[in-house]
Amino acid sequence: MATRKKPNLLILLAALLAVLGGLLIWFARPGRISSPAALPRFNGERALRDVHTQVAFGPRTPGSAAQAQFLEWSRSELAAAGWQSHIQVGEKMGHTIRNLVAYRDPNLPPRILLGAHYDSRLAADQDPDPAKRVQAVPGANDGASGVAVLLELARVLPADAPVWLVFFDAEDNGRLPGWDWILGSRMFVEQMTFRPQAMILVDMVGDADLRLPLEQNSDPTLQAQIWSQAEALGYGEFFVPETGYRMLDDHLPFIEAGIPAVDIIDFDYPYWHTTADTADKVSASSLQAVGETLQAWLMLLCHE
């Protein structure tokens, strides 16, 4: 187990002041929610059930029956939470790509994009058993965990939150013949007709031994805000203010387009790209920490 830093008191104080300021604005603005207690709280147990549902479909590989089941189910869950959605269909490298895009109002461009990839890798090429390397990855943490956080946020965010959700296809097949990484997010940015202020990506956030360092390609200002919010909520043991990996992930097309973006990811996951990336490796408490942090951070932005 790596040694973790003690909470930084200055960061904690700044975060608490930001939260207090947000609450004062909350109470002062007419027509807004009068009390934070009136908002439903992110439910990590419900998010974990969403992980199990996705894994039960089977690997959500591009073009599979499990992918079709996932899209039908997730659109139903979003509709039940009051969201509209559409499937963005296109082609990259000769493959049909299906991104799922959700919003409250399609005519109101988002201030913030929240993203996660929903696809599973076609081949478990990191499996310790060579015989299993031709099997698809179940994708419980690497895929379903980020989706579960977004779906639960869809249930608890207020209707006036200036947020869209994007569930990316074809993120996870790099280094396989005829494929590359992050095809879905590249297609989304190529077709994007608006410019959000920021994009937040959640990927591999359900590990029972969760540790989220600062991904090196991410925007440091956004990172400071989110990590400080986590510290204020008591989740500093998960959101550690230490330098992590430099990731090639779905946030990069946004960064390349000049849009600040953050990748919230725990890449130190021993079951990555193996057949053991199953739902029993995912923790409701980890999903709770990530989802509750993002909910609180978004609420401060909504009521600035």
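How many helices and strands does the secondary structure of the protein come to? The secondary structure comes to 8 helices and 8 strands, where helices (H or I, at least four residues) and strands (E, at least two) are DSSP runs numbered from the N terminus. This is a predicted model, in which local features need pLDDT of at least 70, side-chain atom pairs count only at pLDDT 80 or more, and totals for chains, interfaces and linings use all residues. Residues are numbered from 1 along each chain as its sequence is written, and side-chain values use heavy atoms, with hydrogens and water left out.

**Overall packing**

- Of the 304 residues in the protein, 56% are buried; buried means under 20% relative accessible area, exposed over 50%, and partly exposed in between (1.4 Å probe, protein chains only).
- Among contacts between residues at least 6 apart in sequence, 78% join residues at least 24 apart, a contact being heavy atoms within 4.5 Å.

**Nonpolar cores**

- The largest nonpolar core has 59 residues, of which Val51, Leu165, Ile200, Phe239, Ile264 and Leu294 touch the most other members. A nonpolar core is a set of buried Ala, Val, Leu, Ile, Met, Phe, Trp, Tyr and Cys residues joined through side-chain atoms within 4.5 Å.
- Another core, of 15 residues, lies apart from the largest one and includes Tyr103, Phe188, Leu201 and Ile259.
- Leaving aside residues up to four places away in sequence, Phe239 touches Leu212, Ile226, Trp227, Ala230, Ile264, Ala289, Val290 and Thr293.
- Ser228 and Phe239 are 11 residues apart in sequence, and their C-alpha atoms are 8.7 Å apart in space.
- Ser228 belongs to helix H6 (residues 220-232) and is buried, with a relative accessible area of 16%.

- The expected span of a helix is 1.5 Å times one less than its number of residues.
- The buried residues of H3 are Ala66, Gln67, Phe70, Leu71, Trp73, Ser74 and Leu78.
- An α-helix has 3.6 residues a turn, so residues three or four places apart point the same way.
- The cover over the buried residues of H3 includes helix H2 (44-57), strand E1 (84-92), strand E2 (95-103), helix H4 (140-156) and strand E4 (163-168).
- Gln67, in helix H3, is buried at a relative accessible area of 2%. With residues up to four places away in sequence not counted, Gln67 touches Arg60, Thr61, Pro62, Arg98, Tyr118 and Asp169.
- H4 reaches 22 Å from its first C-alpha to its last, close to the 24 Å expected for its 17 residues at 1.5 Å a residue. H4 is mostly covered, with 16 of its 17 residues buried.
- Ala47 lies in helix H2 and is buried, its relative accessible area being 0%.
- Although Ala47 and Ser145 are 98 residues apart along the chain, their C-alpha atoms are separated by 8.0 Å.
- Ala47 touches Phe42, Ala148, Glu152 and Leu287, not counting residues up to four places away in sequence.

**Backbone with positive phi**

- Most residues other than glycine have a negative phi, and most peptide bonds are trans.
- Ile182 has a positive phi, near 45°. Ile182 is in the loop between E4 and helix H5 (183-191) and counts as buried at 1% relative accessibility.
- Met204 also has a positive phi, near 60°. Met204 lies in the loop between strand E5 (198-203) and strand E6 (212-214) and is buried, with a relative accessible area of 2%.

**Pocket and cavity**

- On a 1 Å grid over the protein atoms alone, a cavity is a set of points where a 1.4 Å probe fits but cannot get out, and a pocket is an open set with protein on both sides within 12 Å along at least five of seven lines; lining residues have an atom within 4 Å of a point.
- The second largest pocket holds about 170 Å³ of space; grid points are joined across faces, edges and corners, and a volume is the space filled by probe spheres set on the points.
- The lining of the second largest pocket has 13 residues, with Trp181, Met247, Leu248, Phe267 and Trp272 nearest its centre.
- That pocket lining divides into 7 nonpolar, no polar and 6 charged residues; Ala, Val, Leu, Ile, Met, Phe, Trp, Tyr, Cys and Pro count as nonpolar, Asp, Glu, Lys and Arg as charged, and the others, Gly among them, as polar.
- There is 1 cavity of 30 Å³ or more, and the largest cavity holds about 50 Å³ of space.
- Pro213, Glu215, Tyr245, Met247, Ile265, Asp266, Phe267 and Asp268 line the largest cavity.
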